[in-house]
Amino acid sequence: MGKRVYLGLGSNLGNKERIVRKAIDKVGERVGAVVAVSSFYKTAPWGYQSVHTFCNAAIAVDTDLSPEEVLFTVQEIERELGSKKHREGDGSYVDRLIDIDLLDYDGLVLDTHSLVLPHPYMHKRTFVMTPLAEIAPQWVHPVLGKTATELLEGLRNEK
């Protein structure tokens, strides 16, 4: 039996919803069975200024790939769909056609040069936690021990 993986997707250039849907289709072809897709959320850019809003979503995928293979495959999909880079040379974020983040790999805690799991900033980002809580409200953050719903409530209470 495969591993359950959660991915966050976002686009703020072009036909955003179409690009996110295309990315989800490609994930289904190459990573594994897409078993849940959240609603699409319109959100403001995070960590930088832009006039372009994002279309964000989260998906659950059952995969037989390793965490590194999932990462490599989604990065390949990003490049195929036209995303060049997500940051400037100074580390600041830039607009992008598609961004696919590996949020969680079956509860694995990992910290290597190429991959940190769970995603190190996911619990601080409403645009990640809102769609994740929609499709997996009882998912438990393997480090913080809180459900997606609890983490989202915490973010909402900070405002």
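The legends below describe close-up views of one predicted model.

Residues are numbered from 1 along each chain as its sequence is written. Local features need pLDDT of at least 70, side-chain atom pairs count only at pLDDT 80 or more, totals for chains, interfaces and linings use all residues, and side-chain values use heavy atoms, with hydrogens and water left out.

**View 1. The overall fold has four helices and seven strands.**
Helices (H or I, at least four residues) and strands (E, at least two) are DSSP runs, numbered from the N terminus. Along the sequence they follow the pattern β-α-β-β-β-α-β-β-β-α-α. The radius of gyration is 15 Å, close to the 15 Å that the globule rule gives for 159 residues, so the protein is as compact as a globular protein of that length. This radius is taken over C-alpha atoms, and the globule rule is 2.2 Å times the number of residues to the power 0.38. Along the principal axes, the C-alpha atoms fill a box of roughly 40 × 40 × 30 Å. Of the 159 residues, 46% count as buried. Buried means under 20% relative accessible area, exposed over 50%, and partly exposed in between (1.4 Å probe, protein chains only). Contact means heavy atoms within 4.5 Å. Among contacts between residues at least 6 apart in sequence, 63% join residues at least 24 apart.

**View 2. Strand β1 pairs with β4 and with β5.**
Two strands pair if DSSP finds at least two bridges between them. β1 and β4 are antiparallel and share nine bridges. G10 stands opposite N56 in β4. β1 and β5 also run antiparallel, joined by six bridges. Here G8 has D101 of β5 as its bridge partner. Seven of the nine residues of β1 are buried, so this strand is largely enclosed by the rest of the structure.

**View 3. Strand β4 is mostly covered, with 10 of its 10 residues buried.**
F54, N56, A58, A60 and D62 point one way from the strand. C55, A57, I59, V61 and T63 point the other way. β2 (residues 32–37) pairs with β4 in the antiparallel sense over five bridges. In that pairing, V37 has I59 as its partner. β3 (residues 41–43) is antiparallel to β4 and joined to it by three bridges. K42 has C55 of β4 as its bridge partner.

**View 4. D62 of β4 (residues 54–63) makes a side-chain polar contact with R4.**
A polar contact is a pair of N or O atoms within 3.5 Å; within protein, one must be able to donate a hydrogen and the other to accept it, and residues adjacent in sequence count only if both atoms are side-chain atoms. The two side chains are joined by a polar contact of 2.5 Å. D62 is also the bridge partner of R4. With a relative accessibility of 17%, D62 counts as buried.

**View 5. The largest nonpolar core holds 25 residues.**
A nonpolar core is a set of buried Ala, Val, Leu, Ile, Met, Phe, Trp, Tyr and Cys residues joined through side-chain atoms within 4.5 Å. L7, V27, V70 and I100 touch the most other members. At least two residues each come from β1 (3–11), α1 (16–30), β4, α2 (67–80) and β5 (99–105). α1 gives the largest share of this core, five residues. Leaving aside residues up to four places away in sequence, V70 touches V5, L7, V31, T63, L65, L102 and Y105. Another core, of 16 residues, lies apart from the largest one and includes F127, A133, W139 and A148.

**View 6. Helix α4 (residues 148–158) has A148, L151, L152 and L155 as its buried residues.**
They cover an arc of only 100° around the axis, which puts them on the same side of α4. The arc is that of the directions from the helix axis to the C-beta atoms. An α-helix has 3.6 residues a turn, so residues three or four places apart point the same way.
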